[in-house]
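Here are my notes on the structure below. They are set out as numbered points.

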Amino acid sequence: MVNVSALSDPQPKLVARAVSVYYGGKQALFDIDLDIMSREVTAFIGPSGCGKSTFLRCFNRMNDLIDDCRSTGSMLLDGSDIAGPDVDVVQLRMRIGMVFQKPNPFPKSVYDNVAYGPRLHGMAPTRGDLDEIVETSLRRAGIWDEVKDRVDQPGTSLSGGQQQRLCIARAIAVRPDVLLMDEPCSALDPIATATIEELIDELKSEYTIIIVTHNMQQAARVSQKTAFLNLGRLIEFDETQKIFTNPSEPSTQDYITGRFG
Amino acid sequence: MLLSYLPLLIIALFGAGAFYASRARISAAPQRSLPGLPGHYGWYGTLWTVVPATLVYAAWTIIDDRVIRNVVLSDFPDLSGAAATLLYVSIENAAAGVMTDDVPMASVELLLHLENLSAAARFALVTAVSVLGFFWGWRRIRPELTARDRVETALLVALFIASIIAILTTVGIVLSLVVETFRFFQLVSPFEFFFGLEWSPQIALREDQVAASGAFGAVPVFAGTLLITVIAMLVAGPIGLMSAIYLAEYAHPRVRAVIKPLLEILAGIPTVVYGFFAALVLAPSMRNLGVDLGLTISSESALAAGLIMGIMIIPFVSSLSDDIMTAVPMSLREGSYGLGATASETIKRVILPAATPGIVGGFMLAISRAIGETMIVVMAAGLAANLTANPFEAVTTVTVQIATLLVGDHEFDSEKTMAAFALGLTLFIVTLALNVVALRVVQKYSERYE
């Protein structure tokens, strides 16, 4: 039972309707309907292979990069289509940024990593503008104080947690509305994870955030809404508090209490 | 003849026997935790049986010819040098059944006798050493013997010797180049060689011949190599790199699986085939084209050779660059696409910088191949050592000159032949320097992912 209407605000940021995704002949997602609210953190949880990353990657069309992957259904960002063939993917990805499972800074300096997007899109006409964007983004990602003296050093020389925050800074440097995070802490130690979680909490005042996570405590800590997926279907979507204390579906209950997954 | 290879057969048989005997011996010993598997003890026995005997066989075989020669020739104390060699060769021929006149039959019989004696002695000695080695190893096979470590060490030594052989060969080649080059520079001044603008290494066979003195200014030859290499890289660099980008970033895996091997076939075509294609098809049609355009293109031109060579070395650039670009992690591509970059922006700003070391490596390989190429240039660019930057004229290259200098009947101590060594050494130093510089550049400017 998916209770969509009860959660629907007048203005959902992202809307998914009847979204199905196929890898070749194999169907990975089945008719998913979901509304993502603005300036909230929505967590996708579920066992490995349930399709939560696949679903996440539908929002910024990253599945386009996979040769035999195709999808049906409709997806809207602020009411306008993002799934159709005529959508400008470049514009879309500027508005919906992404942070990946493994920190993936480019083999460039810290500065060039953050400046990558703004340079691509011609967002900073002068060097001064670019400096400002880089500094603001690094500040917002909570890493400025740690790297301000070494922005010329390679991004790959930072620690894992710093690299991930650098990637967050890189994503927000193009001023997106939405941040997609695909298990952003799975390659990090507990301290770095705590730092990223705090950061996510701060960022939600400005960005709509969707986070895929294997870690149920993390979902409970950082998110306001939680979607539970299993075997390519959306099982339950509700307030995080309700999912973790009083889920409607027995399989959600089983997953949360660790009986499978 | 049989007697000369019989010792090797004996060694092999004994070695195999030693393996099973040693293994059986340790298996019969009271079992506890052994410092090695039974097989290690077997190999230990084999090593003692085989290695010393083989060394004795090799040493005897190397030495015995000289000893026999000295003994046979000691009957002729007044002969020396070439005369002695001549006599000894005819004695050997007579012994082998080729009858020649004026051969002292006593010496022939002595030679045959000594050869039989040597073979028999070698057989006895090798067998004895093998048997002794076997018993030496046999006595040491006890549970205390650290057979695993010993066998591993023996393996290590064998591998080390193998690697040393390759290095020593290189050193030997370089040394022979250096010695001959030194001798060349005693005849021709280095100044003339390195700065002289005229190359015509014709040495007169008779005093009264024209062009009696050769000119050994190597500048035109090296300029020719440079010109042809530059033309070849102008062809292979862009085409190779662009096809690598297409294969690595755009092509569907099935398309790539077809195109990549097809491209690599280019490197497998014999260069002489490229050569006659250049000489018989490309060069004449370029000359005709030149006529139409009002240009003078000689029928043997640097352009024809360079173009064909460029086609030949495309795979060196494309294949290596493609491998390197494919190895750039997908996560970097996704990071770039996720920020709204297009495919070409991702290639330009992320993939190529990350793949630069490998791409430069591919270019270096292609350049070395172009510099070392001989056959195409002989057939398509000619032999005339013109000092020119005009690609429509005939030029010659270092390798072509080396080949022509050493082909045919020459004395090996004339300037002409020794000039080949000087050219070879210079070429070697130039390519080595190129490689070192490229390696440095790559290390300094590469963007390293992980």
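**Notes on the predicted model**

1. Start with a charge over a ring. In this predicted model, the charged end of A:Arg170 sits over the ring of A:Phe106, 4.2 Å from its centre. Chain A has another such arrangement to inspect: A:Arg233 lies over the face of A:Phe30, at 4.1 Å from the ring centre.

2. On confidence, the model has an ipTM of 0.90 and a pTM of 0.76. For chain B the mean pLDDT is 85. In that chain, 93% of residues reach 70 or more.

3. Next, strand S3 of chain A, residues 41-45. Of its 5 residues, 5 are buried. Both faces are covered. A:Val41, A:Ala43 and A:Ile45 are on one side, with A:Thr42 and A:Phe44 on the other.

4. What does S3(A) pair with? Strand S8 of chain A (residues 208-212) runs parallel to S3(A) and is joined to it by 4 bridges. A:Val41 has A:Ile209 as its bridge partner in S8(A). Strand S9 of chain A (residues 225-230) also pairs with S3(A) in the parallel sense, over 4 bridges. There, A:Phe44 is partnered by A:Ala227.

5. Now the cores. The largest nonpolar core has 50 residues. B:Phe184, B:Trp199, B:Ile228, B:Met309 and B:Ile313 have the most contacts inside it. Several helices of chain B each supply at least two residues of this core, among them H7 (219-250), H9 (271-293), H10 (302-327) and H12 (343-372). H10(B) gives the most, with 11 residues.

6. B:Met309 deserves a look. Leaving aside neighbours within four places in sequence, B:Met309 is in contact with B:Ile228, B:Ala232, B:Ala370, B:Glu373, B:Ile376 and B:Val377. A second, separate core has 45 residues, including A:Val99, A:Tyr111, A:Leu179 and A:Ala192.

7. Over all chains, the structure holds 17 aromatic pairs. One of them, B:Trp48 with B:Trp136, is edge-to-face, at 5.9 Å centre to centre and 75° between the planes. B:Trp48 lies in helix H2 of chain B and B:Trp136 in helix H4 of chain B, so the pair ties together parts 88 residues apart in sequence.

8. Are they buried or exposed? Both B:Phe191 and B:Phe195 are exposed.

9. Finally, a ring cluster. Ring pairs link B:Phe184, B:Phe185, B:Phe193, B:Phe194, B:Trp199 and B:Phe216.

Key
Residues numbered from 1 in each chain as written. Chains lettered and ligands numbered in written order. Predicted model: local features only at pLDDT ≥ 70, side-chain atom pairs only at ≥ 80, totals over all residues. Heavy atoms only, no water. Buried < 20%, exposed > 50% of the residue type's maximum accessible area, 1.4 Å probe, protein only. Pairing = 2+ DSSP bridges. pLDDT = per-residue confidence, 0-100. Core = buried A, V, L, I, M, F, W, Y, C linked by side-chain atoms within 4.5 Å. Contact = heavy atoms within 4.5 Å. Phe/Tyr/Trp six-rings, centres within 6.5 Å; stacked < 30°, edge-to-face > 60°. Lys NZ or Arg CZ within 6 Å of the ring centre and 35° of its normal.
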